[in-house]
Amino acid sequence: MCVLCAAAALAASQAGSARAGEREPREYVKVVDRPYQRVGLTVTVTDGLGRPVRGLTREEFRVTEDGRMVDLLDFDPEGARRDRPLSVAVLLDMSQSMRSQVRKVREAAQALLGGLRPGDEIMLARFNDELTILQPFTGDALRVGKTLKDPGRARGGTALFRSIEHTLKDLRERPGRKVILVVSDGLDNDVARDQHVLQSLYLQDLLRLCFRTQTTVYGIRPGMSASSWLPFEGFVEETGGRLLYTGGDLERLFARLGEEFLSQYYLAYDIDPKVKEGKRRRIRVEVAREGVVVKTMGGYFTPHSHLETLLLDLEDDNVAMRADAAYELGFVGDPRATNALLVVLDDKEEKVRRLAVAALGRLGAEDTLPRLIERLGDPSSSVREAAASSVRSFGPRAIPALLLEIERGSGKRKAAPRVLGAADLLGKVGDDRALDPLGSLLRDGPPAARLAAARALGDLGLSQGIPALRAALADPSPEVRGASLKSIVYISEAAARPVVEDYMKRETDPGLKAAARAALEAP
């Protein structure tokens, strides 16, 4: 972090302002004339012995789609991407023959979680003719172990693909990348075994959902068998996963998979979804090194709009139907889809509103921003979070609408939740147009709004915000004073010492004086 001269606020020195440009640059969204779709690929590269190959660079990768080379717009090792936390769903086949494997799966799941990063999580479920969640997503290995002490009785059929479908719908709202590990020694008895994965409309839809949720599926089979797993083998291959066999050492296998997940690579590029609509796009990834094996998603189908069906589903009495339609409409570049999603922003069900908000964010129509900002005040925290994420995805294009919301909230005796959300986003998006409105809110707004403005000016990180923050050090609210001091220190670092020392002479709150003293003593 740079050091901004506190004199920029105290004596209009230009030294701090000059160095403000050294702050870490913010990323802005790409503005296009029509909706585009980001294709994100998780790529596994191994050597001849199956060991992960690390240290590859962007230049060593070549990605083609239907034989045409594409330009990579994003590249990183997956393990280095904190913005792409990993969610692993372990689906345990509860057929009678798998009873003996439960203890081994428990130990294996704990080993897998132990090798992942903080923030990565694992979920456990069992399936027969239906899916039952045993342990929701957690980062606690002990909870995983306790869950599988009593997974229930083995009974029923093996609805393997239906279980994957339900899991994909649960995964689609989780950030980052997703992996499904299917532990089974049986065959799906719900989908024809002799039908190729690309010949089944149901499996094509399932592959589309894997693509849209950035989910890879692995099949893990304890022991070898002469029976074929078609079409599951083809399905796993198409998602970029692998079908693995183990002689029973599941713990070691899961630990190796954890290592593999963190050594994979993330590659991304943009497509126009209207090109080859409804047709299959074939993907090939090559690496400019000899003797390596490269695995990723084999291809995907861009969706037919199915607009009329989705619009009807959006009016269905069934909540799940409306929720699925809201999610799918986020991939349909048609004004009728956008208009329908705007209507269901007022749906009585939280899940439908949340998915509609996220869908509008994907579509990126600028005229939907006012309605998305309204949802910053939604009664449900999950909808508010989704609205904040969608608005933030617009980048600088969201600034005028956010400023308008701040202006509407100025002078009010009580801050509306969406005003607080707008203030928070102005700080996170990062634009100097937010300085004056946030300064005004910090000076004249109600307590909650002043607190939000003080924090937002810190997030904004511009030295021009220091005068307003200094004035707020005399605010009647201790919370506002504390947030203002924290923002000044964040912006100015060590150069804020004179301001902090002066503040300590006047502050009467013991807790705030202690926080100020700690700020002075910090390295």
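**Strands and confidence**

Me: How do strands β6 and β7 run, and how many bridges join them?
Reply: In this predicted model, strand β6, covering residues 121-127, runs antiparallel to strand β7, covering residues 131-138, and five bridges join the two.

Me: What do β6 and β7 form, and how many residues lie between them?
Reply: The two strands form a hairpin, with three residues between them.

Me: And which residue in β7 stands opposite I122?
Reply: That is T138, which stands opposite I122.

Me: Switching topic, what is the order of the strands in the open sheet?
Reply: The open sheet has four strands in the order β4-β11-β1-β13, and their pairing is antiparallel. Because β4 (74-77) and β13 (293-295) stand at the edges with a single partner strand each, one side of each is left without a neighbour in the sheet. From one strand to the next, the twist averages 25°.

Me: How many bridges are there between β1 and β11?
Reply: There are seven, and they pair strand β1 (residues 37-46) with strand β11 (residues 265-271) in the antiparallel sense. One of the residues of interest here is R38, whose bridge partner in β11 is D270.

Me: Now confidence: where is it lowest and where is it highest?
Reply: It is lowest in helix α1 (residues 7-10), with a mean of 34, and highest in strand β2 (residues 61-65), at 96. Across the chain, pLDDT averages 83, and 83% of the residues score at least 70.

Me: Over which residues does pLDDT stay under 50?
Reply: Over residues 1-34, for which the model has 60 contacts beyond four places in sequence.

How values were computed: Residues are numbered from 1 along each chain as its sequence is written. This is a predicted model: local features need pLDDT of at least 70, side-chain atom pairs count only at pLDDT 80 or more; totals for chains, interfaces and linings use all residues. Side-chain values use heavy atoms; hydrogens and water are left out. Two strands pair if DSSP finds at least two bridges between them. Axes are lines fitted to C-alpha atoms, for helices over the stretch in contact, and angles run from 0 to 180 degrees between N-to-C directions. pLDDT is the predictor's confidence in each residue, from 0 to 100. Contact means heavy atoms within 4.5 Å.
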